[in-house]
Structures are given as C-alpha cells and as structure tokens.
Amino acid sequence: MRFLSKLKFQFVCFALIAGAIFSVSSSDVFASSTDGTIDSTYKHAWTEAGGWLDFGTSQGNVHISDSALTGYGWSANFGWISLNCSNDSSCATVDYKISNDSAGNLSGYAWSETAGWINFNPSNGGVSVNSFGEFSGYAWSENTGWIVFNCATTDTCGTVDYKVKTDWRPRSARPACNNATDDDSDGATDYPSDTGCASLEDTDETNPDGGGGILGSVGGGSTAPESRSQTVYPDGRVVYLEENKKEPPVVQISVAPSAVDGTQTASVYQTIESAAKAVESILPSFLKPKPKTEPPQEAPPDEIASESLPVFSGNWRLLEDKSIGTFALAPLPKEIMALADKFPELGKTFNKIGITKMSDLQKLKNAKFVLPGLSKEVGISGGVGVPLSSLSLSQKELLPSEIIFAKAGDFIDYQISLAIKDDGKPEQKINTIAGKPLDLAIKADKPVNKITGYLTVKNIEREMGRRNVPASSLLGAPIAAALGVNHPSGEKIEIEQKLLLGEFEYQDEDKDGIYTAQIASPLVHGEYEIISIMEYKDISLGKKELRLIVVIDPEGYIYEKNGNKETRIPEARVSLFQKNSQNGNFELWPAKNYQQVNPQKTDKSGNYSFLVTEGVYKLAVSAEDYYDFAGKEFSVEEGRGVHENIALKPKSWWRSLFGLLFK
Amino acid sequence: MKNRIIFIAVIGGLVVSNVYFALKSSSLGGELNDARKEASSFHRNEKVINFSRLFIDSVLKSGNEVDFDTRLKLENAIRDIKDDEILAQWNKFTKSQTETDAQNEVKNLLDLLMKKIQ
C-alpha cells in the first residue's frame, strides 16, 4: 500500500514536471497570442457527414482575436465556410460571426452556402479554446451534424490524431503586459502603453523600482529629453526616468544577479529544454505523444498532373527489353524441334519458310504438312508400301523413333498430316475409312517393358439415319481411362477423362525394337485418338506418351435420286480401276494384295469403300434396272480412301419422270 | 347460393392473379438487378479498357516525355474508374523512383487492370 502511494506521488510529480516543461517549451507562440492564426499541422475538424474541415488554408486566412474569428474554413464537400460576415462585407445584410469572449469560449454562427448555418454554441455542445490554444468541443449544423474540433473530445486520438490549434491564447493565460487589462491600475494597459511593461511577455505591469531588469543607465545625453535620464534594458527598450528619481549606478546593477537577465533567461530555457529531452527519452512509448496522422487529402488531378515525375520523363523503358525479347525470340517448342530432327525434310522446310522461333508458329496456324509414310521414310519409293518384315536392319535403323506409323495391311502406308495446334504443339493425323484394318508401328528410342495403346473418342459427328450403329460397337465399353501426357519418373500423371473404346498391347515378336499392333478402325465416322504409352525398362526414365489422331471418313454409297430424297441401292457392283503408269490403260485394281475385294457389292445401305495406294483411279458402277455409271479419273494420295457418293439413273421412264417432277 | 359461388370464384381469381403478379414482379425485379449489375460491370470494364488503351498509347509506347494534357487525361481516367485498388497501384507506379521499381509497378498495374475486367 505504501509502495502504491509512493508510486502515485512519483507519477504526480512526474506529470507536473512534464506539464511544466511542455508549457514552457510552447511559450514561443505568445507572439500572436492576441491575434492568432491556425497551426499549419493541427487545423482539421471532423464531421461524419462532410469529412474533414480545414481551418488552416492559406486562402481561408482564419484569424482569432479576443472578440471574434474571421476568415474561412474549407471542406471538400461543403466548400468555404465563412466565420464572419465581415469577410465579404455582408454584415449589412446578415450580421453573423463567431464571437470570442476572450476566455476562449466561442459562440455565434458560421455560414456555408452548402451546409447552411453552423452553431458554435449549441445545446449539448459548444466550442472553446484552452490555454494551449487547442480547440475542443462540438459545433452543430443541421446539414453536417456534429462537428468535432478535437479528437480528445471523442477520445479517438488513438485512431487519428487531429485537432484545431491556434497561437491565440485566452486573456487569462497571457502575460500581464499582454492581457488587455490594467493590472497595476496606473491608467495604462499592456505594452507598450504601460511603461512598467518591458515587452508583451512581461508578466508585471508595475514600474521597475530599482529591481532587476536594467542593464545600465546613462544620465542626460543629447538625444534624450531634458531633465530626464534613460535606462537601457536587455531587450533594447529605453525607459526615461524622472530627474528627481534616483537610479542605482550602472556598475552596481550590472554585477548584481537579476532574475530577468537575458543571458540567464536563455540559459534557463536551455536547461529546461535539455531536461525536457531527458524526460522524453525516459518516457515509455505509450506516454509519448503519438506521431501525427495526416488526414487523407487528395489533391485535384490538375495539381497532380503538373508534378514532375520520372516515370513520365520518357527516359525509362517501362517494359524490360529482356523479358520481351525472351518472349518474342523464344525457340520453337521442343515437340516441333524433335519432329524436325526426326524428319529432316520437315526441318529443311521450316528453315526455308522462316519458321525458327515460337512467334513464327502463327504462320503455321492454317498450314498442313505431310510426313512421309513408313516405307518412304526408310527410302522405298514407288507409291506402294512394303511389309515391315521385309525391311533390312539398316532400313529399320533409319526409321525415326517415338513416331506412330500407320499401315493398312502390308502395302498401304497411311499418310500422316501434321498441323500446329493453338497451343503450339504439333498434332499428327491420319485419315482412314470405317472398319478398315489399322496396323500401327512404333520404334522405341530406348528399351521398353511394354507399349500399351488406347483407342479413344475425340469427336464424333453422326448423320442421323445414316447407319444403324450397334451400341456395342461404340459405347460398349464407356469407361474413363487415366492417361498420362508427359510423365517422367516420379511425376504425378495428369488425369484426363476420355471415352475409351479399346485397349491393346504392341508386340515386338522379332525383337527388332519396332513394336506393332493391329486394330480395326471404328465403324462410326468421326475423330478418334490413339494414345500409346511406352514404359521404359529404366525406371528413372518413367513413361512416354505418343498421340495420333485418326479421322474415320464415312464410306461412299450408291443411290437413286427421288426428288429431294435419296434411295440407297443395295447389291450394286462397284469396280475400281487403276491407271497403269506405263501404258496409260486402266486396269482393275488388285485389291487382293491389299486384303480387300474388287469389285465390291454394296450392302443394304448402298455402302462401299476402298483404301488404296497412291495413284490415278476411276470408278465404274452397275446395278439391275439402272444404267451403268462410268466415272472420270481421279488421283489418290498415299493411304487415302475412295468413297465417293454416286447417283445412278433408273432405266424405267416413269421413275425418271418422278425424279424430274419432284426435283 | 349461385351469387356466392360467383363471388368466391372472383375473389379466388383475384387472389391467384395477385400471387402470380407478385411472383412475376419479384422475378422481374431480380432480373432487373442482375441487368443493372451487368450494366455497371460493363461500364467499368469500358473505363478500364479505355484507360489501359490511353496508358499504353501515351506512356508505354511513347518514347517522349508525357505532356501535361495527357497526364491530366490519365489522372482523370484513372479516377473515373472509381476503384481504390487501381488508383493505389497507379500511385505506386507514378511515385516510382527507380527504373526497376517502375518496371515492376507497371507490370503490376497492367496485371491488375486485366484482372479487373469481368
């Protein structure tokens, strides 16, 4: 308990000392204590409805005297607020002002065009200025609500430290020589009227009576009035003394210690200042005044735009050359580079047409390249493929690895077209006909445990009624397969959802490193994807995935036109003739060599199709009750199908007439 | 008795129609709010795009000092978007004191502008 009392006593002493120090240190504001202006830092009042009110703008020119306030306050929302009708000489019309009772109690009204009248002394409110020149309390306006002049009033200084402060001081807080009161009742008031005042800061109006404050005096003198002597004070003030009054000799005064000696006063101030600094250094942080927080003020755009800022000087490159260069000059994607390596002709073509960097890929967006078939790749030409088994070891060496080659039987090589997708990756595609055999071959770049293939649906466009597709042929195994894209060892496989039609294993029976698999093309025309995953023996290599798009073209059909409709013709005989390049004659194409039949008989839907080698061909069709059809010659690229739709004319005249009438 | 039935039928019809129109009004009110939001979003997108275009043309692609009028246009345009986050990022950019800072801040500004387009 005693300890607590001692602590309280120490705290009170400390507070008194600190208060004294702060009050003394602020004494330099007394110069305008009778005609005050607003502090350049503490100049804001706050209102919920209007935001900050600034009483310290240079244009507002607010002055506070013992009797009234003049000038204007400023609000971004309400504009100028006039504190006195004398501002614009309108007192003859409406006489208003903020009055000061010289003790710092304000009253009366201010006027704003937007906010209307603002009462500085409303009931439950009122604004006053304390002995430190700090405003406090509330003013009231119907349009702005309460206007708070000091954060301490609402106890919110912890959030935002704001107040309005002036260097005007209430009369009671000012020195005797500056308080507009005749303190010594000698008929003279304040400095300089009262000769007892040395300055406005003089706290005593009574005449000096031989006490301190006089540096020296000289008797007579040519510039002094006659019969009087003068005394010179430290501040340069000269006081004339009556002749009959005796003043102490200069020497006596100068050696005597004096309370108002200028040198000593200065040293006292220095001592107090150093004490204040010492006290400040030992103050805990929560007792120190918080750093001021400037209320948000937004300068108008034209003011901001007139600032000189380096970012607008035009001397800086605001986007780095390096990053732009890295983007624009990025090399071709590694997949395309790899293809160019595997197919040298493709690499040469890229060089010729200037495809050397990533940004050039845009040029390839609509371009299609053709990769050579398996036989051409190993140096066999002539339009007819060769069986894999007949390739020599050196030819097998020439076969590029990690590419899926497709064949139909032993002799037909599918032509692989290459397109660049939107993401810059190459897409390999072959075209075939529904139901035709598809022989796939892959040469592994490194020893593999196995290669697994998946046939998945990419996009199916069915013509309704075109074909009755048994559910088992397409959707019999609609399971979602998890397939990797690029998956080095340890990397998590990216999962994608696909409609899986079949799974198959590639085999390498002759152990030549070329894995083969045979599947049947799907029966429904559309786009399919064959995804082959190689599992390397070296576990650290992980797996590699190869993709090949297979486009199933629809079969051709034979039909009779009936008005706007078509009637399919079954049992029609379709023959394909190939042009002999040596004698120019057309000969029946030897379909047996390619595991096919020629001529073909159309099925119930009138369908037929041939998958042929490169060459020049023509079709001939005959059917009962129809005139024979002899087609024109046409060229076929390597491994493409023949599937034209052919209309036959009926022999019966009335069916022909029916067809013409309803055309 | 007949009149009573007619009366009840009329009242019932009115009640049903009132409920119908109340539901309809509520549903249309919701649609109207959605349309207003969309329109507001559209206007803001337009302002963001206009500012971005002005910024790219007059600052990023300009090798010269940006004049006062353009600066004023930019300051007005960025405030017209009425988005504190964009304005704060713009201020960060304009107050950059080194080229490296300016490059980083301009990337952040462009990134933010693009993200604000809905």
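User: How many bridges join β32(A) to β37(A), and which way do the strands run?
Analyst: Six bridges join β32(A) to strand β37 (residues 615-622) of chain A, and the two run antiparallel. Strands are DSSP runs of E, at least two residues long, and helices are runs of H or I, at least four, both numbered from the N terminus. Two strands pair if DSSP finds at least two bridges between them.

The model is predicted: local features need pLDDT of at least 70, side-chain atom pairs count only at 80 or more, and totals for chains, interfaces and linings use all residues. Residues are numbered from 1 along each chain as written, with chains lettered from A and ligands numbered from 1 in written order.

User: What stands opposite Q578(A) in β37(A)?
Analyst: Y617(A) does. In β33(A), Q578(A) stands opposite E587(A).

User: What about β34(A)?
Analyst: Two bridges join β32(A) to β34(A), again antiparallel. V574(A) stands opposite Q600(A) there.

User: New topic. How many residues does each chain give to the contact?
Analyst: Chain B gives 21 and chain A gives 15. Residues are in contact if their C-beta atoms, placed from the backbone, lie within 7 Å.

User: Which element of chain B gives the most?
Analyst: α2(B), with six residues.

User: And which residues of α3(B) meet α4(B)?
Analyst: Among them are W90(B) and F93(B). On the α4(B) side, the residues include L109(B) and L112(B).

Conventions. Two residues are in contact if their C-beta atoms, placed from the backbone, lie within 7 Å.
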